[in-house]
Structure formats: C-alpha cells, structure tokens
Amino acid sequence: MELNTKHLLDLSHTLAGEYLAGFTYPWQALDGIRDLILALGQNLPAEEYSQPAPGVWVHNTAKVFPSAYLGAPCIIGPDTEVRHCAFIRGSALVGAGCVVGNSVELKNVILFDGVQTPHYNYVGDSILGYRSHMGAGSITSNVKSDKTLVAVRDGETRLETGRKKFGAILGDQVEVGCNSVLNPGTVLGRRASVYPVSSVRGTVPPDCIYKGEGVVVPRRDSL
C-alpha cells in the first residue's frame, strides 16, 4: 500500500495543503500542527473570521453551539458545525463543511474539508482526509498501552514513526463504522471502509473493506 501523503490525501481540500506537501508520510506533520495553525491564523481575512479568544479563529458562516469549548489554537472553517458539548482541546485545524458533533473531542488534528465526526468521537494526533466519516462512538487510540513508540505496519513492512502519540491517518472518503477503535498507527487508504465494532491495527488498502482481523476485501463498486 502506498503510504505517501499525496497518495492518501487530496491536498487541495485543506488550508494545510502546502504544509503537508513537505512531508513524505502524513504522520510526520503531527508535531507542527500547533505552529501551523498560529501561522495560518495570522493571515486569515479579518472580515471573514472572528476571533472569540486569542489563538481561536472561527469563520463567520460556521455555527458553534454555546456549550462547545474551543481551545487555542484552533481554526474552524466555513459552513462547519461545532455542536453541543464538543471539546476542542487545541491544535485543531477544522476545514470547511465539517461536523464536530455532540461530545466529540479533538486534539492535535487536521480535519480536511467535509469531514464528519458527528457523535461521541475522540480524534487525537490524527489526520482525517477529505469527506471522511467516523460513525458514532468510533475513536482513534493514540497511545499504546505499553507506552512504546508507534510503528506503522503494512504487511511485513514496519515503519518506525518515532512518535509516542499517533492515532490514525484516514485517506479521502474513508468510512469508519460505529463503535470502532483505530489503534495507534492505523492508516486507511482512500475510500476504505471499516465494519462497525472493529478493532483496526495496521493498514487497510484503498477501495477495500475491513470486516475483521485478517478479513479485508475489495469494495464491489471498485471492481
């Protein structure tokens, strides 16, 4: 499976496109998200974005519910909804037309345009590609139980990331089923799907369905 940034993600659908283009693998970009948001924020059009707190930028067309918490730094893009009790801990770049749903927690993430995390999701130290969707209760687990560094496994290949905290990379138009766990270092190729109540580790090729451990099949509509 191709794990390069440009094979997984259409970089035209995020303010972070130029930044991400500088990395061979997308997880290499995780360390710089905070500084990226602060730099981008300084150049956002003042007539289009409000700044309700230092380091927080919200597009005028975005809808942020009163009980949501926006921690700095973060950018909330056009036509995005941040719903009741959402908890944005900080270092979150949320694109256009996204949904950050009730009781969703975001931390050190890039959400491309059109991403939906609508119900009870935790997304940390992760990048979610264009129009990817996480079903209710699905989460990214971003720290291994033994606290060792995360590696990305692709068949017999093992790529060391050097990171203690790394959740998942979702390629464009990925679908994650309800109540699934994406274990540290999970990478899902473009248009991959994950069955509900799955525990995913390693990689899932593009245009494939993850049905369970060792059971990955091509999507019928890709044949």
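This is a predicted model: local features need pLDDT of at least 70, side-chain atom pairs count only at pLDDT 80 or more; totals for chains, interfaces and linings use all residues.
**Thr14**

Thr14 belongs to the loop that runs between helix H1 (5–8) and helix H2 (17–20). Because its relative accessibility is 14%, under the 20% cut-off, Thr14 counts as buried. Leaving aside neighbours within four places in sequence, the residues in contact with Thr14 are Leu20, Leu93, Ile110, Phe112 and Asp113. A polar atom of the Thr14 side chain also lies 3.0 Å from the backbone nitrogen of Ala16.

**Strand E2 and its partners**

Strand E2 comprises residues 56–59, and both of its faces are covered. Val56 and Val58 are buried on one side, while Trp57 and His59 are buried on the other. E2 pairs with strand E1 (residues 49–53) in the antiparallel sense, and is joined in parallel to strand E5 (residues 74–76). The table sets out these two pairings.

| Partner of E2 | Sense | Bridges | Residues standing opposite |
|---|---|---|---|
| E1 (residues 49–53) | antiparallel | three | Ala53 and Val56 |
| E5 (residues 74–76) | parallel | three | Ile75 and Trp57 |

The two faces of E2 can be read together with these pairings. Val56, buried on one side of the strand, stands opposite Ala53. Trp57, buried on the other side, stands opposite Ile75 in E5.

What kind of phi does Gly55 take in the hairpin of E1 and E2? Gly55 has a positive phi near 80°, in a hairpin with two residues between the strands.

Notes:
Residues are numbered from 1 along each chain as its sequence is written. Side-chain values use heavy atoms; hydrogens and water are left out. Helices (H or I, at least four residues) and strands (E, at least two) are DSSP runs, numbered from the N terminus. Buried means under 20% relative accessible area, exposed over 50%, partly exposed in between (1.4 Å probe, protein chains only). A polar contact is a pair of N or O atoms within 3.5 Å; within protein, one must be able to donate a hydrogen and the other to accept it, and residues adjacent in sequence count only if both atoms are side-chain atoms. Contact means heavy atoms within 4.5 Å. Two strands pair if DSSP finds at least two bridges between them.
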